[in-house]
Amino acid sequence: MVTSVAVLSDIHGVLPALEAVLDEPDVMAADLIVVTGDHAAGPQPVEVLDRLRALGDKAVLVRGNADRELAEMARGEFPADQAWEVDLWAAEHLREEDVKFLAELPHPVTMEVDGFGKVVFCHGTPRDDDEVVLVDTRLDRWAEVFAELHDDVRTMVCGHTHMPFMRLVDERLVVNSGSIGMPYGRAGSSWALLHSGQVQLRHTPFDIDGAVDRVTRESGYHDCRAWAEHYIRAVTTDAEAVRTFGPRDGRVDS
């Protein structure tokens with residue numbers, strides 16, 4: 001059983017953002033780092049995967065929908081007309097070992113955390129890496145999401161929607177750590193710390209101008225500056241993201 005877990009999610013191939021969070025004292029001091037998916041789909045896919053794997057046993061990587069899809073793209077199994085251009089580019093630049101690594105990542109992962117008991121770490125939801133749940137998702141949808149969970153799993157930690165939140169849902173604690181590399185609503189990297197039964201939603205500011213310039217300089221993606229200016233600077237607001245994601249959680253009024 002671990003006492004402290006730093007939760008990162010949705011790095012999306014942005015190495016400077018990942019490095020900024022890994023340099024946080026509480027991340028370095030954590031017993032474990034759990035990264036809940038969408039690691040490499042972005043402008044620095046190989047660099048981010050190398051940095052994550054260098055963490056060794058300190059890190060547990062969970063599969064996100066973009067990780068699964070990148071592996072499928074690299075193997076010619078994903079419709080190109082349904083993919084983002086940057087993801088197609090990233091898939092083309094993965095090494096064979098990267099493709100195998102992403103394809104074999106687990107989802108979900110359940111482990112014991114001191115003060116929480118059994119915690120399920122997932123990307124979208126435990127049953128589907130691409131399912132959307134939001135802070136205001138209705139209770140009957142949450143009941144569907146939790147239907148296959150064991151009663152002794154009382155905490156769910158997820159990512160996918162790039163917006164941090166924490167709420168109780170029918171006596172279960174739900175934590176979304178937000179996004180490291182593609183935040184919506186607030187520039188900088190969001191993550192979470194689970195420690196001795198307490199949850200903190202954390203935010204790491206870093207040199208955004210420098211990160212945009214560095215990613216543009218180091219990535220071979222042809223439209224990298226436009227991508228970085230939009231996503232690293234968090235041009236998409238949380239309100240816009242909620243309006244876009246809302247219909248996908250099955251709500252009647254969106």
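V21 is found in helix α1; helices (H or I, at least four residues) and strands (E, at least two) are DSSP runs, numbered from the N terminus. This is a predicted model, in which local features need pLDDT of at least 70 and side-chain atom pairs count only at pLDDT 80 or more, while totals for chains, interfaces and linings use all residues. Residues are numbered from 1 along each chain as its sequence is written, and side-chain values use heavy atoms, with hydrogens and water left out.

**V21**
- V21 is buried, with a relative accessible area of 0%; buried means under 20% relative accessible area, exposed over 50%, and partly exposed in between (1.4 Å probe, protein chains only).
- Leaving aside neighbours within four places in sequence, V21 is in contact (heavy atoms within 4.5 Å) with L8, V27, I180, S189, W191 and T204.
- The C-alpha atoms of V21 and Q82 are separated by 31 Å, and these residues are 61 apart along the chain.

**Nonpolar cores**
- A nonpolar core is a set of buried Ala, Val, Leu, Ile, Met, Phe, Trp, Tyr and Cys residues joined through side-chain atoms within 4.5 Å.
- The largest such core has 57 residues, and L8, I33, L70, W227 and I232 have the most contacts inside it.
- Helix α1 (residues 15-22) gives the most to this core, with six residues.
- Another core, of 18 residues, lies apart from it and includes V5, V62, F121 and V157.
- Not counting residues up to four places away in sequence, W227 touches H12, V14, G42, P43, V86, M182, Y221 and I232.

**V2**
- V2 lies in the segment before β1 (4-8).
- V2 is buried, its relative accessible area being 19%.
- Residues up to four places away in sequence aside, V2 touches D31, E112, V113 and D114.
- Between the C-alpha atoms of V2 and G188, 186 residues apart along the chain, the separation is 27 Å.

**Helices α8 and α9**
- Helix α8 (residues 208-218) and helix α9 (residues 224-231) pack at an angle of about 155°, with their axes 9 Å apart; axes are lines fitted to C-alpha atoms, for helices over the stretch in contact, and angles run from 0 to 180 degrees between N-to-C directions.
- That makes α8 roughly antiparallel (over 145 degrees) to α9.
- The contact is made by V212, D213, V215 and T216 of α8 and by C224, R225, A228 and E229 of α9.

Conventions: Angles under 35 degrees count as roughly parallel, over 145 as roughly antiparallel, 65 to 115 as roughly perpendicular and the rest as oblique.
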